[in-house]
Amino acid sequence: MEELDKQNKEISDISTGEVVEEIVQHLNNPVSGPKPIVKKYLSTVEQVYTESNKFYFSDGDARVEIRVVSDEIIRVRLAPHGVFLDDFSYAVPVVDQKVTTFKMEEQEACYSVSTNTITCKVRKSDFHISFTDNQNQMVMSEDESPMHWEENIEFGGYYVYATKKCLPDENFYGLGDKSGNMNLRGRHFQNWNTDAYSFGWDQDPLYRTIPFYTGVHQGAAYGIFFDNTFRSYFDFGKEDSAKTSFWADGGELQYYYIHGPHLMDVVKRYQSLTGTHPMPPKWALGYHQCRWSYYPEQKVKEIADGFRSRNIPCDAIYLDIDYMDGYRCFTWNKNHFPDPKRMIKELANDGFKTVVMIDPGIKVDDNYWVFKEGKANNYFCRRSDDYFMEGHVWPGRCQFPDFTNPTVREWWGKLYKELVDIGVAGVWNDMNEPAVFGSGTFPNDVRHNYDGYRGSHRKAHNVYGMQMVRSTYDGLKKLMRNKRPFTITRAGYSGMQRYGCVWTGDNVATWEHLKIGNIQCQRMSISGVPFCGTDIGGFSGEPDGELFTRWIQLGTFSPFMRAHSAGDTAEREPWSFGEPYTSINRTYIELRYRLMPYLYSVFWEHHRYGFPILRPLVMLEQENSSNSYRQDEFTFGDKILVCPVLEQGAVSRMVYLPKGKWYNFWTHEVLNGESEHNIKAPLAQMPLFVRAGAVIPEYPVMQYVGEKNVDEVLLNVYYADYEVNSFLFEDHGDTFAYEQDIYSEKKFSVKGTEYQLTIEQSVDGLYTPNYEWYEYNIIGLPFNVNKITVDDKDVVDYQLDENSCLHFRSNKNFTSIKIYN
Ligand code: GLC
């Protein structure tokens, strides 16, 4: 009977328009191979058994594993004919986390696997899986149809599908590197890492694959991480407004349900699976100047001098591909750079770090040592019939290391030795989708080691770039004797944040791209990839002074701040557009350096606790997720709200302020949250707001990180009539000593009344900063000051400035300050 039902289902599938369309599609697109036409669905649950934290359900043929990962995370896997694939993931190094309790119970209609927080139900009659919040019994995510699959005749394995209900009020966020609106509802996406030069507003796919999204309905959020490296697809109610589906061209149907109910919790838990970004070297948070390419040496020096002579801070200068000899990685063009070691040293003496590009394509040239080594050791990728994978990139005909082979990664990591020895401070990995001229990327039949779990390029494509930057990061870490490496990658997959930062690729110098980049960085941030930036000014095309300056302003609050442009564009340095642009650009870059202790503390909050760095408005007020129309505002950390100006000629803009009170950063005016305001935004002023009660630490302006000893830290304290905590993280800035608790994490707690303001400090960690003093700038006090005490001792020396801000100093070791009326 059941068999009959199954067959009926299969037959009804064959007759749907959907399948006919797929057949036509596949005839038109023979690269992805002929697909069989029958989708099979899980039917009724017939067998159940348990193995510690894993629960198995079978319909007699297919099996499903439900694994309790933590109190808030459950993993689901499907084995169409009962045999699971090897449990290996590049994204999730360790699956099991701490679980307090879990159990399975049988009810009349379903089996339920529950932890303290959530329950996963498997319905007996049709194998529908759902996830419920134990506290309020709210169903967070529920199958619309059972998991299903189709056999893949050509490659073996299955095309795998999951279809969930999409609720009428549900909105979707995440998916990493996507362009277009923040809310993903009503759209369809594909993940296939692609060199997307000059991409457009809605273009898809782009450079990176992050198959993780969050759904928000009735104010509650959950996440789904579909850990599948094959070409994958997501549909958020586009094909059918009642369905959210995700599927892939191969691999296992394996996903994690990640509970909220707050969006922030979902992101933090996703980071607990895939890891956070390691602390970057502090200089990496400075301003970076790049171009394709600065050469010869004289030009590089001119640029460096240009910064110093104009007092515009800058920490890093980049060498794009033209520093190499015929684009051969790990070589130098000695005509342009006769003595790179000397040049890098001179730049370093002037406070500049040198970052160089390294691409994956290795020139086929028997006189080139990297090619010879790779060839001799069989490190390059091969086609199915053992031919080498060859393709044209910058150097001409190239072969490509298989970075999914641990031995190759080890070798590649060591290739950086000479670059590190001569003082190179950071490495930029590009073209690692992998990009190939003409064909776009490798053909599907290229073979990969995949860390011993072998696969074709269909399986390895989306992780190729991530494994490249992994080998770069690990190699540099060893070569730099445990100093923090700085690496950038263009392509990546979930978990890439453990190995490097990203830029959004080849954007365009248009106002539209300023908008795209703004959303892209926020989206990356809530998709687990926090250290992200755009090519400030746009890679191709020509910005005018206004666009460039507005981009610098947004870039001041991008986790990664780098200007970059293509070689055929006009000069693109912060001074290239003359006044008033140069001065405004300087002010913002200086602001970045003034705020360095704040930005660095936000990075720590990310690294240590998994908080995203940029937080879109919807994350602050998810109960009102329709508010996501205000997708152009975000907070950096949780104290500074950034409302960039994204319209040409604008001199004001509407902003929405979230709950609480906010200070206009420029005027100190206090504004009420949960309301909209029209804010002046002349070219020199990007609207910025500080949360009332915040303590924003500042260092003196420096031309580069570490230029000056900090003798005193300025604490900007923004009065509030409620209690707010702020954090200041400090450490050596370039080692991994923080892993041994060698850091200082200070908590400032600010609480005001009508007559008094109290600031309390507590300190954690084993690092002692060199400075002794804090200088206070107390903003917005609603009363006249009659008395100040620091740890009960009176402060005699205090003044009000022309803006009515209160100034005084204290030793950094205070525990309690009181300011009285
Ligand atoms: C790619 C990169 C770009 C780089 C260029 C030359 O287009 O995305 O940033 O400048 O290659 O290396």
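Tyr450 is buried, at a relative accessible area of 5%; buried here stands for under 20% relative accessible area, exposed for over 50%, and partly exposed for anything in between, using a 1.4 Å probe and protein chains only. Bear in mind that this is a predicted model: local features need pLDDT of at least 70, side-chain atom pairs count only at pLDDT 80 or more, and totals for chains, interfaces and linings use all residues. Residues are numbered from 1 along each chain as its sequence is written, and side-chain values use heavy atoms, with hydrogens and water left out.

You'll find Tyr450 in the loop between β27 and β28 (455-456); helices (H or I, at least four residues) and strands (E, at least two) are DSSP runs, numbered from the N terminus. Asn378, another non-glycine, has a positive phi too, about 60 degrees. Asn378 sits in the loop between α6 (369-376) and β24 (391-393), and with a relative accessible area of 45% it is partly exposed. For background, most residues other than glycine have a negative phi, and most peptide bonds are trans.

Glu433 and Pro434 are joined by one, with omega about 0 degrees, and Pro434 belongs to the loop between β26 (426-429) and β27 (447-448). The bond from Trp292 to Ser293 is cis as well, with omega near -10 degrees. Ser293 is in the loop between β20 and α4 (297-309), while Trp292 is among the residues surrounding the ligand.

**Around the ligand**

Which residues surround the ligand? The list runs Trp292, Asp320, Ile321, Met357, Trp394, Trp428, Asp430, Arg490, Trp503, Asp506, Phe539 and His564, where a residue counts as near if one of its heavy atoms lies within 4 Å of the molecule. By class, that shell holds seven nonpolar, one polar and four charged residues. In this scheme Ala, Val, Leu, Ile, Met, Phe, Trp, Tyr, Cys and Pro are nonpolar, Asp, Glu, Lys and Arg are charged, and the others, Gly among them, are polar.

Polar contacts are pairs of N or O atoms within 3.5 Å; within protein, one must be able to donate a hydrogen and the other to accept it, and residues adjacent in sequence count only if both atoms are side-chain atoms.

| Side chain (N or O atom) | Ligand atom | Distance |
|---|---|---|
| Asp320 | oxygen | 2.5 Å |
| Arg490 | oxygen | 2.7 Å |
| Asp430 | oxygen | 3.0 Å |

On its own, the ligand exposes 300 Å², and the protein buries 97% of that. Those areas come from the Shrake-Rupley method with a 1.4 Å probe; for residues, only the protein chains shown count as cover.

**Domains from the record**

UniProt, in an unreviewed entry, lists residues 278-601 as "domain: Glycoside hydrolase family 31 TIM barrel"; its positions are given in the numbering used here, feature names are shortened, and annotations may be inferred rather than shown by experiment. That stretch, residues 278-601, is 36% helix and 14% strand, with its end C-alpha atoms 13 Å apart. The unreviewed entry in UniProt also gives residues 64-235 as "domain: Glycoside hydrolase family 31 N-terminal". Residues 64-235 come out at 0% helix and 48% strand, and the end C-alpha atoms are 23 Å apart.

**Helix α3 and what follows**

Helix α3 covers residues 263-274; at 1.5 Å a residue, its 12 residues should span 16 Å, and the end C-alpha atoms are 17 Å apart, which agrees. The expected span is 1.5 Å times one less than the number of residues. Why is α3 largely enclosed by the rest of the structure? Because nine of its 12 residues are buried, including Leu263, Val267, Arg269 and Tyr270.

Thr274 belongs to α3 and is buried at 0% relative accessibility. Its C-alpha atom is 8.1 Å from that of Arg498, although 224 residues separate them along the chain. After α3 comes Gly275, with a positive phi near 95 degrees. His277 is in the loop between α3 and β20 (287-289) and counts as buried at 7% relative accessibility. The side chain of His277 reaches the backbone oxygen of Gly500 at 3.4 Å.

Thr735 is in the loop between β45 (723-730) and β46 (744-752) and is partly exposed at 24% relative accessibility.
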